[in-house]
Amino acid sequence: MAGEILFFKGTKSCVIFLAFCLVATCLLAEAEVHNLTWEVSYQYKSLDCYKKLAIAINGETPGPTINATEGDTIIVNVKNNLLMENLAIHWHGIRQIGTPWSDGTDGVSQCGTMPGDTFVYQFVVDKAGTYMYHSHYGMQRESGLYGLIEVSVPSGTKEPFTYDGEHGVVLSDWYHSSSYEQATGLTSIPYVWIGEPQSLLINGRGKYDCANLSASVCNAANPECAPSSFTVVPGETYRFRIASLTSLSALSFQIEGHNMTVVEADGNYVEPFATENLYIYAGETYSVLVTANQSSSRNYWITTNVVSRNASTPIGQAILNYYPNQNLIPPNTTPPPGPLWNDVDARKNQSLAIEARQGYIQIPPHPDKVIVLLNTQNKVDGYTKWAINNVSHTLPETPYLIALKKNWLDVFDQTPAPESYDYENYDIYSVQNNTNATTSSSIYRLEFNSTVDVILQNANTMTANNSETHPWHLHGHDFWVLGFGDGKYDMKNNDANYKFKNPIMKNTVPLHPYGWTALRFQANNPGIWLFHCHIEAHFLLGMLVLFESGSSMVSVPPQANMGCGKTKSLMQP
């Protein structure tokens with residue numbers, strides 16, 4: 001198999017490895033190798049008509065879509081032309097079975113690629129579906145370093161739905177300040193919040209109000225910020241593959257006059273359900289089917305708007321173009337505004353409505369352990385942080401996976417990460433009298449192939465009557481979403497309401513305000529894997545944990561993954 005291969009020890013592990021090889025052999029029987037070369041650089045862009053620096057791949061943002069078939073090998077040669085900062089790219093939703101060194105996580109699986117250097121990522125797209133890629137270094141993602149991964153089913157395989165064509169949709173929020181300015185404010189005393197984004201982009205295009213600004217700064221006539229257009233033929237049905245690459249915002253997505261049928265979430269088929277608007281959180285992907293069944297005499301609006309925050313950001317707009325109308329003729333109607341930002345019940349109802357599709361249901365095994373993660377905003381030495389069970393996590397200078405392979409116990413905190421909190425006495429609805437937390441680089445060590453329940457518990461921030469939405473993403477695995485609930489999770493009773501009959505599997509899931517989310521996963525992918533809030537500012541401020549299992553089975557660290565911290569001592573002259 002192409003790429004880094006796991007080395008296993010022991011009878012049970014050998015059986016697992018042989019089974020994996022058989023599957024890999026079948027996948028690769030007709031598989032292709034996609035060899036891509038990307039140059040990453042800063043470019044002046046006017047994505048919303050306002051000129052600012054963006055991070056581009058081969059001059060584009062969003063970057064090029066990766067189109068492949070299940071079982072294909074992807075090789076991406078990434079050259080860092082950013083001149084003054086390092087780089088790492090994560091292949092979000094790709095489980096990296098056998099290739100943990102290509103997960104693209106700075107401080108976990110690799111050292112960031114230095115300016116002028118090239119890093120080669122190599123992995124297999126082992127499951128059809130809609131995925132994404134994005135920077136996993138600092139706060140680079142919000143500068144435009146992201147794109148889509150579309151994986152088709154193998155030839156001769158049918159999906160459980162049909163369509164005539166498809167469109168890829170990248171949703172993102174856009175700031176005019178740089179990620180450097182934002183990171184500085186977030187890590188300073190006094191704390192400076194990043195605020196709401198200036199624009200929402202659909203496939204890298206938005207519209208900012210250029211009134212009273214020089215045309216050299218903001219030019220509404222710039223073709224670079226003309227709205228994205230999606231052409232459909234009357235009477236035909238289209239698959240829209242939608243990915244949210246926002247750095248902060250939860251969104252609603254709607255198409256004027258058209259219903260959407262949701263059929264896929266994070267690469268997993270769902271029992272189809274119709275909706276007028278799709279709620280989508282940072283790090284999530286969906287496929288929806290849309291039939292062009294309205295009058296073909298005109299075009300229609302596609303819009304996205306911020307939910308879960310009382311944002312001042314105007315709605316993002318694109319055009320559903322009915323052939324043969326001109327694709328950029330805007331509709332003469334008012335764009336649909338989307339649902340109310342604070343309609344929490346509607347968002348919860350969508351979360352509860354998503355179920356695994358009949359014929360594709362995987363029944364979760366019984367758990368071996370339960371970990372409860374309390375999400376809180378805290379202070380550490382006067383600095384504002386986000387914490388899990390009162391611990392704000394910091395990444396070490398030396399990547400974890402290399403440290404584990406080399407048995408460098410001095411690289412990160414060996415204290416076991418806390419698996420629960422004082423749930424009987426903690427009031428999730430109040431600002432705590434003592435909001436102080438500690439920092440740590442500790443990890444959760446899991447028995448390989450064990451089954452783990454994770455309960456995400458939301459609480460009040462350091463602002464009264466405020467609890468935020470957190471989208472949580474797990475690297476290296478899909479997980480079963482077992483349930484959502486309001487208030488404090490009841491350790492004795494809430495699991496009685498879990499959805500065991502047809503739970504959906506995902507890699508990203510929302511944690512709603514003042515509520516809880518329960519998920520289950522199998523620690524069957526050797527390595528160490530991030531589990532974190534997908535909001536850039538929250539991740540920067542410590543809202544993450546790490547799960548390790550079977551790291552002794554992983555291959556030796558590649559030379560290319562080194563160059564920082566203690567790994568400098570391993571660099572060949």
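Trainee: Is cysteine 533 buried or exposed in this predicted model?
Mentor: A residue counts as buried under 20% relative accessible area and as exposed over 50%. Cysteine 533 has a relative accessible area of 0%. This value lies under the 20% cut-off, so cysteine 533 is buried.

Trainee: How many disulfides does the structure hold?
Mentor: A disulfide is a covalent bond between the sulfur atoms of two cysteines. Counting the bonded cysteines along the chain, the pattern is 1-5, 2-6, 3-4. The number of disulfides in the structure is 3.

Trainee: Which cysteine is joined to cysteine 49, and how many residues apart are the two?
Mentor: The S to S distance in this disulfide is 2.1 Å, and the partner is cysteine 225. Cysteine 49 is in the loop between β1 (33-45) and β2 (52-57), while cysteine 225 is in the loop between β10 and β11 (229-232). The pair thus links distant parts of the chain: cysteine 49 and cysteine 225 are 176 residues apart.

Trainee: Is the disulfide of cysteine 49 and cysteine 225 right-handed or left-handed?
Mentor: Both ends are buried, cysteine 49 with a relative accessible area of 1% and cysteine 225 at 1% relative accessibility. The handedness follows from the torsion about the S-S bond, which is about 95 degrees, so the disulfide is right-handed.

Trainee: Which parts of the chain does the disulfide of cysteine 111 and cysteine 564 tie together, and how many residues apart are they?
Mentor: The sulfur atoms of cysteine 111 and cysteine 564 are 2.0 Å apart, and the link is left-handed, with -80 degrees about the S-S bond. Cysteine 111 lies in the loop between β5 (89-92) and β6 (118-124), and cysteine 564 lies in the segment after β32 (544-549). The pair therefore ties together parts whose separation in sequence is 453 residues.

Trainee: Is cysteine 564 buried or exposed?
Mentor: The relative accessible area of cysteine 564 is 17%. Buried means under 20%, so cysteine 564 is buried.

Trainee: Is the disulfide of cysteine 210 and cysteine 218 right-handed or left-handed?
Mentor: The sulfur atoms of cysteine 210 and cysteine 218 are 2.0 Å apart. Cysteine 210 counts as buried at 12% relative accessibility, and cysteine 218 is buried at 3%. The torsion about the S-S bond is about -60 degrees, so this disulfide is left-handed.

Trainee: Which strands are the edge strands of the open sheet?
Mentor: The sheet has 6 strands in the order β10-β9-β12-β17-β14-β15, with mixed pairing. An edge strand here pairs on one side only. The edge strands are β10 (199-202) and β15 (268-275).

Trainee: Which residue in β12 is the bridge partner of glutamate 166?
Mentor: Strand β9 (residues 165-174) and strand β12 (residues 237-244) pair in the parallel sense over 7 bridges. The partner of glutamate 166 in β12 is arginine 239.

Trainee: Which residues have the most contacts inside the largest nonpolar core?
Mentor: This core has 64 residues, with at least three drawn from each of domain 2 (166-353) and domain 3 (369-560). Phenylalanine 531 touches, beyond four places away in sequence, residues including Leu373, Trp472, Leu519 and Phe547. The residues with the most contacts inside the core are Phe521, Phe531 and Phe547.

How values were computed:
Residues numbered from 1 in each chain as written. Predicted model: local features only at pLDDT ≥ 70, side-chain atom pairs only at ≥ 80, totals over all residues. Heavy atoms only, no water. Pairing = 2+ DSSP bridges. Helix = DSSP H or I, 4+ residues; strand = E, 2+ residues; numbered from the N terminus. Core = buried A, V, L, I, M, F, W, Y, C linked by side-chain atoms within 4.5 Å. Buried < 20%, exposed > 50% of the residue type's maximum accessible area, 1.4 Å probe, protein only. Domains from an automatic or database assignment. Contact = heavy atoms within 4.5 Å. Disulfide = S-S within 2.5 Å.
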